[in-house]
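Hi there,

Here is the structure I promised to pass on to you. Have a look at it first, and then read on for my notes.

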Amino acid sequence: MVALLSWRPAAIAGVSERHGGPIDVGHPANITVIDPSQRWIVDPSALASNAVNTPYAGRELTGKTKHTIYRGTPTVIEGKVTR
């Protein structure tokens, strides 16, 4: 599953030297940890994006990002952007 969603698309896009590889010592990690059972209501003003237009505003969704690590640096912790 990881190969289908990560390694192969990165290779096809020609970015496999920067993205989509396996987690390994000495290589910066790009990882997203999700809680697949968390239910939440989409609030456009609370999204990490600067854009607030979304077709999901006000809808209840299941599955939410808990943590994101980009190039080895945490960018989202417990659902909050760390900028």
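Predicted model: local features only at pLDDT ≥ 70, side-chain atom pairs only at ≥ 80, totals over all residues.

Let me begin with I31, which is partly exposed, with a relative accessible area of 26%. I31 lies in strand 1. Leaving out residues up to four places away in sequence, I31 touches I23, H67, T68 and I69.

**The chain as a whole**

The protein chain holds one helix and four strands. Read from the N terminus, the elements follow the order α-β-β-β-β. The radius of gyration is 15 Å, well over the 12 Å that the globule rule gives for 83 residues, so the chain is more spread out than a compact globule. In terms of extent, the C-alpha trace spans about 40 × 25 × 25 Å along its principal axes.

A few totals may be handy for your own calculations:

- Of the 83 residues in the protein chain, 11% are buried.
- Among contacts with a separation of 6 or more, 42% are between residues 24 or more positions apart.

Going through the pairs in turn, strand 1 and strand 2 (residues 60–70) are antiparallel and are joined by eight bridges. As an example from this pair, T32 has T68 in strand 2 as its bridge partner. Strand 2 and strand 3 also run antiparallel, and four bridges join them. Here H67 has I77 in strand 3 as its bridge partner. Strand 3 (residues 73–77) and strand 4 pair in the antiparallel sense over two bridges, and V76 stands opposite V81 in strand 4.

**T68, inside strand 2**

T68 is found in strand 2. Is T68 buried or exposed? With a relative accessible area of 16%, T68 counts as buried, because the cut-off for a buried residue is under 20%. Its contacts, leaving aside neighbours within four places in sequence, are I31, T32, T73, P74, T75 and V76. I31, where these notes began, is partly exposed.

R71 is found in the loop between strand 2 and strand 3, and its phi is near 55°, a positive value in a residue other than glycine. Those two strands form a hairpin with two residues between them, and R71 sits in the turn. Its relative accessible area is 46%, which makes R71 partly exposed.

The other one is E78, which is found in the loop between strand 3 and strand 4. Its phi is near 50°, again a positive value in a residue other than glycine. The hairpin of strand 3 and strand 4 likewise has two residues between the strands.

**Rings and charges**

What lies over the face of W40? K64 does, at 4.2 Å from the ring centre. As for pairs of aromatic rings, the count comes to zero.

Best wishes

Conventions:
Residues numbered from 1 in each chain as written. Heavy atoms only, no water. Pairing = 2+ DSSP bridges. Phe/Tyr/Trp six-rings, centres within 6.5 Å; stacked < 30°, edge-to-face > 60°. Lys NZ or Arg CZ within 6 Å of the ring centre and 35° of its normal. Rg over C-alpha atoms; globule rule 2.2 N^0.38 Å. Buried < 20%, exposed > 50% of the residue type's maximum accessible area, 1.4 Å probe, protein only. Contact = heavy atoms within 4.5 Å.
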